[in-house]
Amino acid sequence: MPSFDFRRFTMLLGHELAGNWRRHLREFLVFYVVFLACIGSVFYVPSRYGIGPDVVDHWTYPDEATMFESAVWAVSIAFSVLLVYGVSLTFSHLYTRQQRIAWLMLPATNLEKFLARVLVYSVLWSVALLVALVLADVTRMLVFPLFGHSYSSLLPELERRWRAYVEDFFDSGLGHQVQIVLSYVTLLTGSALFRRYALVKTAFGLFLASLLILLIADMGRFGNLLFLDNVTVQVWNVVLIAGGLWLSWRQVSHMQVIPRHNSLLKLRKNLLVELN
């Protein structure tokens, strides 16, 4: 089979989306409900009772700018959490034996299957988040005026804030950008290694690794590990990024239908049965 074929790759993407449309639809509905809850929790009271110092019987925001500020923060936090969770789901479909068999039987190369999953749970997942956010804001603008007060769309303010963040990201220097890439690769590697509950296991693994580094650095001759210069830190970050991508690729491309530890347990069980 050729190394990479774009037509086959697009067909693989279509198979992934069409074959799991119920799951993707449930995920999209969760996005919509989360964003609607974030926006609704901020705009409900002002839409019901108004805003300003003249409203004394109900808790309200002091002004419209503060209200939009709170909504931007709520939506941004929800968007970030869902984005991180999506990356951790990249290889969650390889947990059971039947899922691994179905993965191996797909008529595509390992590279195409690997990139298809990364594209679905990184790029397309982000697009779905944006669409759900737009629908949630449109729903709020259609329904909340029935309470008596209407407010403009949150999207222009979000676009302005996120555009400023993106500009700051590209202006912040290579170090910050490498850190973001390293965070993404860490989540991807955790998904390839753990597959189920990957986000929780990855976070716990990072916590243990941090403790180990602190313990090692606390020893006399390794204390300088806590005071590395910026260039050395970035070199280590690049090494970790390359190592994480290689480990993710190897874990997925050399996947076994029956994990090795299960095979050893089964062999031990058979030996005990024969001895008895």
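Predicted model: local features only at pLDDT ≥ 70, side-chain atom pairs only at ≥ 80, totals over all residues.
Local features need pLDDT of at least 70 and side-chain atom pairs count only at pLDDT 80 or more, while totals for chains, interfaces and linings use all residues. Residues are numbered from 1 along each chain as its sequence is written, and side-chain values use heavy atoms, with hydrogens and water left out.

View 1. Helices are DSSP runs of H or I with at least four residues, numbered from the N terminus. In α6, Glu157, Leu158 and Phe169 are buried (under 20% relative accessible area, with exposed over 50% and partly exposed in between, for a 1.4 Å probe and protein chains only). Seen down the helix axis, the buried residues of α6 fall within an arc of 110 degrees, so they line one face; the arc is taken from the directions from the axis to the C-beta atoms. The face turned away from this buried side carries the exposed residues Pro156, Phe170 and Asp171.

View 2. A salt bridge is a side-chain nitrogen of Lys or Arg within 4 Å of a carboxyl oxygen of Asp or Glu. Glu157 forms one with Arg161, their closest N and O atoms being 3.0 Å apart, and Arg163 forms another with Glu159 at 2.5 Å. Salt bridges that share partners join Glu69, Glu157, Arg160 and Arg161 into one network.

View 3. Glu27 and Arg23 form a salt bridge, with the closest N and O atoms 3.2 Å apart. Glu27 is buried at 12% relative accessible area, whereas Arg23, at 25%, counts as partly exposed.

How values were computed. Helix = DSSP H or I, 4+ residues; strand = E, 2+ residues; numbered from the N terminus.
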